[in-house]
Amino acid sequence: DEIDEKLKFPEGKTKQVLVNSYERNPIARKKCLEYYGFTCQVCDFKFTEKYGDIGHEYIHIHHKLDISTIGKEYSVDPINDLIPVCPNCHAMLHKQKPALTIDGLKEIIKKTTK
């Protein structure tokens, strides 16, 4: 397929968006990482193995229970409520509402990589 060179594809227009932002506790994140380390708990990806020093101590932290569904402030258990995951797995966990479970996503990966 050829692209018509006369067509324009504008991007960059500014728009305002109003969203709820939920505060995350940095100490809970630290405790989670002290327990699990910086390896994705779904796919075993390690940023330092792939990217070297730039990937040092980089990983997302997933709330096993969608924080947005709770709708109020609550106390989080860093070991049982949080888990480190790579950004790709994090995005896949949130492809549906409620979010997939860690084991559910592991099963999907297992089925597709046979």
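The questions and answers below set values against definitions.

Q: What kind of model is this, and how are its residues numbered?
A: This is a predicted model, in which local features need pLDDT of at least 70 and side-chain atom pairs count only at pLDDT 80 or more, while totals for chains, interfaces and linings use all residues. Residues are numbered from 1 along each chain as its sequence is written, and side-chain values use heavy atoms, with hydrogens and water left out.

Q: Which elements does the protein have, and in what order do they run?
A: There are five helices and two strands, where helices (H or I, at least four residues) and strands (E, at least two) are DSSP runs numbered from the N terminus. From the N terminus on, the order is α-α-β-α-β-α-α.

Q: Why is His63 called buried?
A: His63 has a relative accessible area of 12%, and buried means under 20%, exposed over 50% and partly exposed in between, with a 1.4 Å probe and protein chains only; His63 is therefore buried. This residue is found in strand E1, residues 60-63. Leaving aside neighbours within four places in sequence, His63 is in contact (heavy atoms within 4.5 Å) with Arg24, Tyr74, Asp81 and Leu82.

Q: Why is the pair of Tyr35 and Tyr36 called edge-to-face?
A: Rings of Phe, Tyr and Trp (its six-membered ring) pair if their centres lie within 6.5 Å, and planes under 30 degrees apart count as stacked, over 60 as edge-to-face and the rest as tilted. By this rule the count comes to five aromatic pairs. The rings of Tyr35 and Tyr36 have their centres 4.8 Å apart and their planes at 80°, so the pair is edge-to-face.

Q: What makes Tyr35 exposed, and what makes Tyr36 partly exposed?
A: Tyr35 has a relative accessibility of 55% and therefore counts as exposed, whereas Tyr36 has 21% and so counts as partly exposed.

Q: How do you know that Phe45 and Phe47 form an edge-to-face pair?
A: Their ring centres are 4.9 Å apart and their planes stand at 85°, so the pair of Phe45 and Phe47 is edge-to-face. Phe45, Phe47, Tyr51 and Tyr58 form one aromatic cluster.

Q: Is Phe45 buried or partly exposed, and is Phe47 buried or partly exposed?
A: With a relative accessible area of 25%, Phe45 is partly exposed, while Phe47, with 10%, is buried.

Q: How much of the protein is buried?
A: Buried residues make up 25% of the 114 residues in the protein.
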